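Open the structure in a viewer and keep the sequence beside it. The stops below say what to select next and what is there.

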Amino acid sequence: MPDVTEPLSWRRIDPYYLWSVVSGFGVDSGPAEGWLPLLVEAGEPAAAAELRQVVQAKFGQSVACPPADDEACGFILYVAFADATPLLTFLSGADARWEMSLPLLQRAPAQGADAAPRPVANGQVIGFIDYGCAFAHRKLRVWENGKRIQRSRVLALWDQAGTVANLADAADDGVEPPAWQPPEDFGYGMEWHRTSPQGRGIDRYMEQFLLGDAIDEEGCYRSSGYAGIRAGDPHGTYVMDLAVGHPSPLPGPAPKEPPKHDIVFVELPRLRVHGYSATWLLRAQVLAAVKYIFSCAKPEQPVAINLSYGGYAGSHDGGSILERALDEVVKQRIDTGGPTELVIAAGNAGTSRTHAEDLLPAGGAPVSFRVSIPPHVPTDQFVEIWFDEEAADCELRAAMPGQDIGNLAWNKPGSSQAFEQGGVQVGMLAVPKSVGQSWTRRMALLAIGPTVSATGESVAPSGVWTFEARNPGPQDRSDRVTPYDTLNSLAHGKRGRVVGGYVGGSNRVPDECSRGTRNEQDGQERPPLNGRDADGKPRFGPEWLALSDESEALPGLAGAARLGNEQVRRTGTSVACAVATRHVVRRQAQGQSTAPPPH
């Protein structure tokens with residue numbers, strides 16, 4: 001089994017990195033020459049600039065640090081995976097906070113001499129960070145003289161997992177390939193612009209598929225070299241329709257004036273991981289996506305970004321690296337005169353019982369938790385165990401189904417516990433001394449491998465896994481025991497507009513929509529451990545509510561699917577987030593200050 005003794009001795013560690021070392025999680029399926037994305041915060045801006053210079057001098061071409069203006073809060077590193085351990089050792093010794101992102105990213109080829117510069121919009125920019133952009137969809141085309149024409153409103157599209165190999169589809173179909181090119185400033189993925197002097201931009205590419213006044217959308221997407229529009233259900237297209245589609249799909253009177261803004265879409269890599277921490281692992285990619293959208297707008301132009309994305313792991317206190325970095329880059333843009341809104345879905349964990357909390361009494365009496373792991377799950381599963389900042393000496397142990405936990409040793413901070421099945425490690429309890437996920441609080445990670453295998457190797461047992469915590473110190477460490485309603489992990493910063501949903505007509509908040517409050521057994525409201533925003537004030541729930549369901553009898557809202565004549569009905573706070581984004585876009589276009597959407 002791989003030895004994680006050395007990483008556990010580092011000053012700071014990301015427990016997910018330990019599991020990747022042990023299991024190949026997120027790595028063995030990555031590209032052979034992939035970059036491991038890291039999100040790093042060094043503290044003060046001067047410290048970040050100095051750390052960047054030292055890293056580049058020490059590690060040379062094995063490290064890329066784009067873009068250079070992230071130094072105000074932290075910065076993003078993309079590291080060749082073979083060289084990751086020396087760099088991470090160095091960062092931990094420098095006491096920089098760092099978190100690993102997954103999956104590995106394909107290193108982009110160098111731009112050719114004929115690469116087109118990234119376009120900059122003439123007016124308002126609407127950004128989407130999501131999956132599946134149907135760039136030729138009739139609801140997302142330009143209108144002129146009261147008529148829809150065969151041009152896209154998508155100004156730029158960055159596929160973060162895109163590769164040159166994808167362009168073979170176009171050659172096989174006998175059409176002129178689209179002018180995808182690597183984004184030189186970010187170093188991975190492929191971008192495509194609406195117009196491209198050196199090749200077929202989105203509009204010229206679409207001309208090859210004109211059928212009279214219509215477009216052969218299926219053929220257009222098949223040959224586009226864009227895997228994201230062919231992989232599963234295009235959630236991003238639905239969100240774009242609700243936010244900026246014309247005519248509007250929302251109930252009630254629709255504006256007659258066609259939109260005049262530009263759309264910038266960033267396709268996130270698809271990470272197939274089970275559990276509520278899964279989407280939380282794309283940290284570096286999300287911040288890079290925001291920076292990319294900003295790069296398509298002039299400093300004074302209004303920008304609104306829809307982020308119908310997130311997970312439920314993390315500290316829920318506004319102190320994560322990603323939340324702090326998002327706060328900082330949005331603040332920088334606003335301070336330089338650019339109206340900017342980041343609209344974030346509150347999450348759909350209202351009925352999921354994703355969290356539990358308990359008192360760790362002084363003196364070492366153990367407190368037990370149980371986690372039910374289903375059978376036939378082909379991906380890794382995770383439980384994060386968080387401690388208050390005073391609980392530096394708390395210890396943990398865990399047991400697989402059927403194991404007697406009372407016979408197992410306790411794990412002190414700086415140690416780990418392995419679980420084996422058939423001579424193969426199928427799980428791990430990592431108990432670091434300090435983690436990159438927080439400057440002050442501790443976090444341990446219970447990682448459990450797949451419970452089903454297509455190739456016959458040993459798998460993690462399904463059933464009830466148990467873990468125990470104890471506090472050998474002289475003071476109690478917590479005060480209540482309740483599963484509760486959990487907001488999105490990105491919902492605790494200063495700058496995001498966090499949006500929950502409500503049902504039209506009744507104004508009821510649907511059960512699955514995160515509300516962020518909880519009722520104790522005594523019936524009194526208490527501050528939620530959803531926790532605190534970046535100002536230290538308790539966050540009790542979403543900042544805004546927007547329509548997520550048409551009525552009690554008609555759940556969800558109907559919006560665009562992949563092709564022009566198809567619709568899909570969805571529910572949840574992604575719906576409400578898109579509805580709120582439409583409201584923000586309208587008020588920005590009118591030069592008005594942003595206010596909550598009507599409720």
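Select H376 to begin: H376 is exposed, with a relative accessible area of 63%. Exposed here means over 50% relative accessible area, buried means under 20%, and partly exposed is in between, with a 1.4 Å probe and protein chains only. The phi of H376 is positive, about 60°, although H376 is not a glycine. Most residues other than glycine have a negative phi, and most peptide bonds are trans. H376 sits in the loop between β16 and β17 (381–387). Helices (H or I, at least four residues) and strands (E, at least two) are DSSP runs, numbered from the N terminus.

This is a predicted model, in which local features need pLDDT of at least 70 and side-chain atom pairs count only at pLDDT 80 or more, while totals for chains, interfaces and linings use all residues. Residues are numbered from 1 along each chain as its sequence is written, and side-chain values use heavy atoms, with hydrogens and water left out.

Next, select H316, in the loop between β14 (303–307) and α10. Is H316 buried or exposed? H316 is buried, with a relative accessible area of 4%. H316 also has a positive phi, about 55°, and is not a glycine.

β16 belongs to an open sheet of three strands in the order β16-β22-β18, with antiparallel pairing. Its edge strands, β16 (367–373) and β18 (395–399), each pair on one side only. On average, neighbouring strands of this sheet are turned by 20° against each other, direction ignored; the axes are lines fitted to C-alpha atoms, for helices over the stretch in contact, and angles run from 0 to 180 degrees between N-to-C directions. Two strands pair if DSSP finds at least two bridges between them. Between β16 and β22 (residues 463–470) there are seven bridges, and R370 stands opposite T466 in β22.

Q421 stands opposite V424 in β20. Two residues lie between the strands of this hairpin, where G422 takes a positive phi near 65°.

Two cis peptide bonds can be visited in turn. One joins L102 and P103, with omega about 0°; P103 is in the loop between β4 (97–100) and β5 (105–106). Another runs from H246 to P247, with omega near -5°, and P247 lies in the loop between α8 (235–244) and β13 (262–267).

A cavity is a set of points on a 1 Å grid over the protein atoms alone where a 1.4 Å probe fits but cannot get out, and lining residues have an atom within 4 Å of a point. The largest cavity holds about 70 Å³ of space; grid points are joined across faces, edges and corners, and a volume is the space filled by probe spheres set on the points. Which element gives the most to the lining? That is α10, with three residues. α10 (321–335), β15 (340–345) and β23 (496–503) each supply at least two.

Finally, show the whole chain. The protein chain has eleven helices and 26 strands, and buried residues make up 57% of its 599 residues.

Conventions:
On a 1 Å grid over the protein atoms alone, a cavity is a set of points where a 1.4 Å probe fits but cannot get out, and a pocket is an open set with protein on both sides within 12 Å along at least five of seven lines; lining residues have an atom within 4 Å of a point.
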